[in-house]
Amino acid sequence: MNLPAPALLHDRCDELSALCKAGGDPLRLNVLRALANDSFGVLELAQIFAIGQSGMSHHLKVLAQAGLVATRREGNAIFYRRALPHTELPGGRLHAALLDEVDALRLPVDVQARITQVHGQRAAASQDFFAKVAEKFRAQQDLIAGLPQYRDSVLALLDKLNFAADATALEIGPGDGGFLPELARRFEQVTALDNSPAMLELARQLCEREALTNVSLQLADALQNNTIQADCVVLNMVLHHFAAPAEALKQMTGLLRPGGSLLVTELCSHNQSWAREACGDLWLGFEQEDLARWATAAGLVPGDSLYVGLRNGFQIQVRHFQRPAGATQHR
């Protein structure tokens, strides 16, 4: 008796085949490694791996078809990032295992150097913007979200944390210093770091007017300053100016004392690309899930969150992340 041939699950085999094909090329594996905590445009990836744009586009298409990378539109630009594995779906466990293996590898030194170069180009663009608009900073901020629109929300989270009387605070990128009086009233010592001399001068003038004797201003890059630690680190509308936001959160964790709190005020993801040119934004806000994932990867524990809707179509997220007492920073 002739039995019918068993039905083959071509759809599942195709998915596994695409995954194996995508992972069968050293360059594509290195692309996944580079996207571990970052996202890049196709031109940036072509620069990082020193190949032509068309060649990089081909590799990204293969990775995308296998579900290993996802895209995010930032205005007119498209950025690539890792797609998260879904272990309950076909190929999901293989996807997760592949990323685990990739993360155990080190990128070639020349590739790491070109990633640093790309980050430097992004950072330089941001610094140039603030050098040009320092005198009209507040007007520029008000185009999207000025401090009065989210100050009360940040203070509500801050006051809920009940810091000790001798606690210290650190504000990264204080702008014109508008939030420093609030911190000065709540902490014994406050430090403000900014890498823009023009912006730091505005903050200095405000501190003089307000007689903030417990505030110290420093011209420094927060990502390269390992000498300061505080009980509370504050980033108000700053993270979207960092070249590599996920890596920045890791560095911020190092600025926190064990048990300390990181308060991040940021725009939720949006598509209003004019903010890049008008306000010097490198990123058009962030997904709430991405911030939580990056913070967790940095060794922080997500806490309370508040969300503020604005009339101009933007939404602000105010997030609290805590560094566990006695925990070591994730690398």
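Q: What makes the side chains of Arg 186 and Glu 182 a salt bridge?
A: Their N to O distance is 2.9 Å, and a salt bridge needs a side-chain nitrogen of Lys or Arg within 4 Å of a carboxyl oxygen of Asp or Glu, so the pair counts. This is a predicted model, where local features need pLDDT of at least 70, side-chain atom pairs count only at pLDDT 80 or more, and totals for chains, interfaces and linings use all residues. Residues are numbered from 1 along each chain as its sequence is written, and side-chain values use heavy atoms, with hydrogens and water left out.

Q: Where do Arg 186 and Glu 182 lie?
A: Both are in helix α9, 4 residues apart, about one turn of the helix. Helices here are DSSP runs (H or I, at least four residues), numbered from the N terminus.

Q: Why is Glu 182 called buried?
A: Its relative accessible area is 14%. Buried means under 20%, exposed over 50%, partly exposed in between (1.4 Å probe, protein chains only), so Glu 182 is buried.

Q: What about Arg 186, buried or partly exposed?
A: Arg 186 comes out at 28%, so it's partly exposed.

Q: How do you know that Glu 182 and Arg 151 meet in a salt bridge?
A: The N to O distance is 3.8 Å, so the pair passes the cut-off. This one links distant parts of the chain: Glu 182 sits in helix α9 (residues 180-186) and Arg 151 in helix α8 (residues 151-160), 31 residues apart.

Q: Which residues are linked in a network of salt bridges?
A: Arg 151, Asp 159, Glu 182, Arg 185 and Arg 186.

Notes: Helices (H or I, at least four residues) and strands (E, at least two) are DSSP runs, numbered from the N terminus.
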